[in-house]
Amino acid sequence: MVEIKTDAELDAMRAAGRVVADALAAVRAAAAPGVRLLDLDEVARTVLREAGATSPFLGYRPSFAPTPFPAVICTSVNDAIVHGVPDGSRLRDGDLVSIDCGALLDGWAGDAALSFTVGTPRREDQHLMDTTRQALEAGIAAAVVGARIGDISHAIGTVGRTAGYGIPEDFGGHGIGRRMHEDPAVPNDGRPGRGLVLRHGLVLAIEPMFLAGGKDTYYAADDGWTLRTTDTSRAAHFEHTVAVTEEGPRVLTTATTDVAGSPPHRRDTIRS
């Protein structure tokens, strides 16, 4: 069932989104060679706790998962696409890291992700990240009243396919609100003019994930959570929680101050 939010509820979701943005910024700042993935998870836990928020990730167990998720962030490194489980592994110079984080605040959820390189990025990694971020921005720009879900999917997929990247078809964006995952699904590739008509108050987590090797295939690692590319190529993942409004798409998971009357669609302020 698709739920439409009131303007007051969008403001409440914006508060949750700021917590997510703060957590991602803190994790990004803490990431350096030698730092453990578990240490990054602790950084995010501290931000959530100090904001009075909880994590929709911690303890989450969808039907495909063998165990509840044990952390508040996903840490996907190099050939890991999404859902990487933080462990004692230490970051190394040149690692491509994707961090996904969610927050629950006053009954509302926020969800966002970013990718970055530890140390000096390889040229091909920077292009992958830049392209994935561009696809997110294209998807956000398509999230307007009267458009359809397929228009968002097509905008994202066009950027990825033009660059020659793979797109895992079984994973993409989703509705979000009181729960982290709500209807509708938002695929990262598709045909324009298809699917649900977008209305004011619909909130979507838009999240392109691209695979550098050009193949769409992946496999689940032994932990049952981490998805990895079958050709060991690297992956990137960017995400924002976005509200469809009559004034244009409103990004709810930026760290910028949301001033009344200012342009509702801002570029991602968290950079790799």
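Modeller: Gladly; this is a predicted model, and below we take its labels one by one.

Colleague: Let's start with charges. What makes R228 and D79 a salt bridge?

Modeller: The label asks for a side-chain nitrogen of Lys or Arg within 4 Å of a carboxyl oxygen of Asp or Glu. In the pair R228 and D79, the closest N and O atoms are 2.8 Å apart, so the pair meets the cut-off of 4 Å. As background, side chains of opposite charge can pair when their charged atoms come close.

Colleague: Where do R228 and D79 sit in the chain?

Modeller: R228 belongs to strand β10 (residues 227–229), while D79 is in the loop between β1 (73–77) and β2 (80–82). They are 149 residues apart, and the pair links distant parts of the chain.

Colleague: Are these two residues buried, partly exposed or exposed?

Modeller: Buried means under 20% relative accessible area, exposed means over 50%, and partly exposed is in between. D79 has 16%, so it is buried. R228 has 26%, so it counts as partly exposed.

Colleague: How many salt bridges are there in the whole structure?

Modeller: A search finds 11. One of them joins D125 and R234, at 2.6 Å from N to O. D125 is in helix α3 (residues 123–141), and R234 is in the loop between β10 and β11 (235–237), 109 residues apart. Both D125 and R234 are buried.

Colleague: What makes D189 and R161 a pair of this kind?

Modeller: Their side chains meet at 3.1 Å, N to O, and the cut-off is 4 Å, so the label salt bridge applies. D189 lies in the loop between β6 and β7 and R161 in helix α4 (residues 149–162), so the pair ties together parts that are 28 residues apart in sequence. With 33% for D189 and 36% for R161, each counts as partly exposed.

Colleague: Which residues are joined into one network by shared partners?

Modeller: R122, E124, D125 and R234, through salt bridges that share partners.

Colleague: On to helices. How do you know that the span of α2 agrees with what a helix should have?

Modeller: Helix α2 (residues 37–51) has 15 residues, and at 1.5 Å a residue it should span 21 Å. That figure is 1.5 Å times one less than the number of residues. The end C-alpha atoms of α2 are 22 Å apart, which agrees.

Colleague: What about α1?

Modeller: The 24 residues of α1 should span 34 Å, and its end C-alpha atoms are 35 Å apart, so that agrees too. Its buried residues include L10, M13, A16 and V20.

Colleague: Which residues of α2 are buried, and how do you know on which side of the helix they lie?

Modeller: The buried residues of α2 are L37, L40, D41, A44, V47 and L48. They cover an arc of only 120° around the axis, which puts them on the same side of α2.

Colleague: Now for the backbone. What makes H83 and T232 stand out?

Modeller: Neither is a glycine, yet H83 has a positive phi of about 70° and T232 has one of about 65°. Most residues other than glycine have a negative phi, and most peptide bonds are trans. H83 is found in the loop between β2 and β3, and T232 lies in the loop between β10 and β11.

Colleague: Why is H83 called buried and T232 exposed?

Modeller: H83 has 17% relative accessibility, so it counts as buried. T232 has 60%, so it counts as exposed.

Colleague: Which peptide bond is cis?

Modeller: The bond from D183 to P184 is cis, with omega near 5°. P184 lies in strand β6.

Notes:
Residues numbered from 1 in each chain as written. Predicted model: local features only at pLDDT ≥ 70, side-chain atom pairs only at ≥ 80, totals over all residues. Heavy atoms only, no water. Helix = DSSP H or I, 4+ residues; strand = E, 2+ residues; numbered from the N terminus. Buried < 20%, exposed > 50% of the residue type's maximum accessible area, 1.4 Å probe, protein only. Arc of directions from axis to C-beta.
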